[in-house]
Amino acid sequence: MAQEGVSEFHPLCWDHQISNADLDAEQRQAVERILRSRDFVTLFRGGAGTGKSYTLREVVRGLRLAGRAVQVLAPQRQQVMDLEKDGFDGAQTVSAFLARGKLADYGVVIVDEAGQIGGKQMLALLELAREHTGRLILAGDTRQHGAVEASDALRAIEKYSGARVAELTNIRRQNPGLARTKEERQRIRQYRQAVTEARDGKLAQSFDRLDKHGAITECTPGNQHEKLIERYLELVKARHRTVVVSQSWNEIHEVNEQIRHSLKAHGLIGETETTVTTLRPVDLTDAQKRDGRSYDEDTVLVFNRNVRGFHKGDAARLRAITETHLIVEGDERVACVPFKHLDRVTVCQRKELALSAEDRLQLKANGRSEEGRKLANGELVAVREVHPDGRIQLTDGRVLEKSFRQFVRGYAVTSYAAQGRTVDYVLFSDSAVRAATNDHQWYVTISRGRRGVHIFTTDKAQLRENITRSGQRPLAVEMRSHWFRNTPRYQRMVARFGEQVARRLERRRRARLYEESRQKRIQVRQVQTAWRNEL
């Protein structure tokens, strides 16, 4: 659909006059290119720290002045909350928007962080927009972490649709103007250049530049955490916003505990401790959830969606596993959860966690605070007080109810959780897990800071090699294309018409089959709607 919609529409906005004087020339050019786009899907690529969200605000303003209905979306609730803080009122998650299935005719859907959307959701968005004669603007960066689902939809559209791309390349996050000294100004310039090289795929040059300017420290396994924590304490005492990033959860949990111990020893968090029982999520595949060996006496199942009488947020214990179901027991009911709904269940482990004032936590589930404000999975929060009844007061005024216990310490996080965040300094604790280290992980990790990055590793040479690995997965369209070119049918077409004509005929055949399938789905939805209306 994205390919068929290239140059098939009128411009989104004919004559918008940009009034925001703070936009630079590159940002203004991107706004104009987006608003003058004639494509069904308009692509907007912005690298880390280039001011993409700032530019999108002007795009939204132009569309609304032109009389178009605009809906801004993001894949995750944390991203939606960030958009709301940036002035995008009414932003929603992609899942919530698709569940409602409502779009004003000729409306425009803007998706931020579109690279994290999988193939199924992207197809649903395309179909909904097309059904209402709407348009899509996909903003994202395929050089950062993509969808958890095994489908990089945005990259496929970028590569094969032929749609033109509006792009921001000037990095604004690493700003030498933040420096207090001439030396710091030069260091930030070199840091920004290293981020640019990582973005452009020059991974070895990026690594060597940071190493040359003292940003990479080679340690022994025995003193790696000691050196990292020493640097962390220096930055915290200087009141710099700092986050630690690592590749594995084992490393993250260990670093979190050691950082907290040091903060307490230096009086940087409260003296009084209260121990609470938390529910730490365990990353299991559906196959592992069906395996009884994945559970023990401390395992708790938490429902992230309604299923079989259990509501979102309810907890239960596993009682048995059949060939087709999990048998679970809650406070008020016993239910059989079919294996097809395993994605609605989060497996957690009970863990005792000591909390003090100023402790930092990372929330691991969406929810609502006691007063009804949003809580987002992945959000970093700080503790103000733990009440005697178990409620946790946060420094931003929200209160976690005593039933909300899905959180871990939040001093160290994964690079996926760090994506989209901006801090003063980022510290990278290399866990030497080769499988979890690649070009995407490196680019996301080092680009979080405004002032600097510091990397602690036990093997510089191995880390330098690991970051050159590609984080991109093969696209289904590429695998299918390779398979089809080897089929007898395609070979006969090539022999008869030639390679170029054969490809064109195959594209037309696929487009026809897709349109037939789409029309059938529309008919099914119409019948279902009529049936519900009769009821």
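Biologist: In which loop is R239 found?

Modeller: This is a predicted model, in which local features need pLDDT of at least 70, side-chain atom pairs count only at pLDDT 80 or more, and totals for chains, interfaces and linings use all residues. Residues are numbered from 1 along each chain as its sequence is written, and side-chain values use heavy atoms, with hydrogens and water left out. Helices (H or I, at least four residues) and strands (E, at least two) are DSSP runs numbered from the N terminus. On that basis, R239 is found in the loop between α9 (224-237) and β8 (242-246).

Biologist: Is R239 buried or exposed?

Modeller: R239 is not a glycine, yet its phi is positive, at about 65°. Relative accessible area under 20% means buried, over 50% exposed, and in between partly exposed (1.4 Å probe, protein chains only). With 77% relative accessibility, R239 therefore counts as exposed.

Biologist: What is the relative accessible area of R308?

Modeller: R308 lies in the loop between β10 (299-303) and β11 (315-321). This residue, other than glycine, also has a positive phi, near 50°. R308 is partly exposed, its relative accessible area being 48%.

Biologist: Which residue in β21 is the bridge partner of L363?

Modeller: Strand β15 (residues 360-363) pairs with β21 in the antiparallel sense, over three bridges. In β21, the bridge partner of L363 is F407.

Biologist: Are α1 and α2 parallel, perpendicular or oblique to each other?

Modeller: Axes are lines fitted to C-alpha atoms, for helices over the stretch in contact (heavy atoms within 4.5 Å), and angles run from 0 to 180 degrees between N-to-C directions. Helix α1 (residues 25-35) and helix α2 (residues 52-65) pack at an angle of about 40°, their axes 10 Å apart. Angles under 35 degrees count as roughly parallel, over 145 as roughly antiparallel, 65 to 115 as roughly perpendicular and the rest as oblique. The relation of α1 to α2 is therefore oblique.

Biologist: What distance separates the centres of domain 2 and domain 4?

Modeller: Domain bounds come from an automatic or database domain assignment. Domain 2 comprises 176-273 + 356-364 + 406-468, and domain 4 comprises 476-520. Taken over C-alpha atoms, the separation of their centres is 47 Å.

How values were computed. Two strands pair if DSSP finds at least two bridges between them.
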